[in-house]
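This report describes how the secondary structure elements of one model are packed and paired. The sequence and the structure are shown first.

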Amino acid sequence: MKYAVIGTGAIGGYYGAKLARSGQEVHFLLHRDYDVVKQNGLRVDSCDGGFLLPQVLAYRDTADMPQVDVVIVGLKSVNNHLLDRLLPPLLREDTLVLLIQNGIGLEYDLQQRFPQLWLAAGLAFICSAKTQPGVINHQFYGNINIGNYSCPSPRRIADLIAEMKAAGIGAAEVEYHEARWKKAVWNMPFNGMTVALNTSTDRLLACEATMKLIRGQMMEVIQAAQVLGVKNIDASFADKMIRNTLDMVPYSPSMKLDYDFHRPMEIYYLYTRPLQEAARAGTGMPQLQMLEAELHFLESQYMK
């Protein structure tokens, strides 16, 4: 299939580069990295073996890009308003848009603006960062779950997964709500807590008190998901996420990097929206509601 990547960062850039390396036609939208990538290519330094894409189909504007079969959106959700302009040039009637973003409610909101759009969620379990222009540092893991939101073609989802697997990406289809809420089990505690305590994942779990707090926050997410009817999610999943994180290299999640560089944080879709969803279902997440307030305070100190 033919692909476009909007948001060629640590996540979108990694998966797009893997697909391109496997022989797929991938078109990359770039901003600050454009000149570097055009001159030097796109490099992936990976725990699984690094590689360089010496020739990259790179663009500054989607208006110059072709229509494609799949659009991979790796933008931070705080920039989703840009999709109203960025998406249309890439779309045919049967283009699938894969949102590899953190949070709850993303597909619903985009569908309101593009009612006919074929949408799926991409839930990446990966430690990756863009360390310098044109360089992606893949540190650990790398699998992705695909949750079909509104794509009427099971074949398109199956083809996407097959081509990802052929590119060396561990990909699987899971039920949409299960996929989104399972990712939230990790994202809501670790993204916010690394910011609030100015630390990394390994240090949070090395301290008995904060490990207990992290697990308690995970259980709030799991219990809210269960009230909302999500299947295959219980306390054993929290324990699995903690074990997986203990196995990881010390890691600063995307929200911590945004905080460190004084960028807007993805508070709305990562915290506000799931808290609202839980409240509408008659349940709460009090520890995470407090964390949301702390994040708003910390962001307010530099986003004047």
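## Strand pairing, helix packing and cores

Strand 8 (residues 118-132) is largely enclosed by the rest of the structure, because eleven of its 15 residues are buried. Buried here means under 20% relative accessible area, with exposed over 50% and partly exposed in between, for a 1.4 Å probe and protein chains only. Helices (H or I, at least four residues) and strands (E, at least two) are DSSP runs numbered from the N terminus.

The model is predicted: local features need pLDDT of at least 70 and side-chain atom pairs count only at pLDDT 80 or more, whereas totals for chains, interfaces and linings use all residues. Residues are numbered from 1 along each chain as its sequence is written, and side-chain values use heavy atoms, leaving out hydrogens and water.

Strand 8 pairs with strand 7 (residues 96-99) in the parallel sense over four bridges, and with strand 9 (residues 135-148) in the antiparallel sense over twelve bridges. Two strands pair if DSSP finds at least two bridges between them. A120 of strand 8 stands opposite L98, and its bridge partner in strand 9 is N148. Two residues lie between the strands in the hairpin of strand 8 and strand 9, where G134 takes a positive phi near 80 degrees.

Two helix pairs are listed below. Axes are lines fitted to C-alpha atoms over the stretch in contact, and angles run from 0 to 180 degrees between N-to-C directions.

| Helix pair | Axis distance | Angle |
|---|---|---|
| Helix 4 (residues 106-113) and helix 11 (residues 267-280) | 11 Å apart | about 105 degrees |
| Helix 8 (residues 208-227) and helix 12 (residues 286-300) | within 8 Å | roughly 110 degrees |

Helix 4 and helix 11 are therefore roughly perpendicular, a term that covers angles of 65 to 115 degrees. Their contact (heavy atoms within 4.5 Å) involves L106, Y108 and D109 of helix 4 and Y268, Y269 and R273 of helix 11.

Helix 8 and helix 12 are likewise roughly perpendicular to each other. Helix 8 contributes L213, G216, Q217, E220 and V221 to the contact, and helix 12 contributes P286, Q287, L288 and L291.

The largest nonpolar core has 41 residues, and M218 and Y271 have the most contacts inside it. Such a core is a set of buried Ala, Val, Leu, Ile, Met, Phe, Trp, Tyr and Cys residues joined through side-chain atoms within 4.5 Å. Helix 6 (176-196) is among the helices that each supply at least two of its residues, and the largest share, eight residues, comes from helix 6. M218 touches V185, W186, P189, F190, A238, M241 and I242, not counting residues up to four places away in sequence. A second, separate core of 37 residues includes A17, L19, L30 and M164.

Methods. Parallel < 35°, antiparallel > 145°, perpendicular 65-115°, else oblique.
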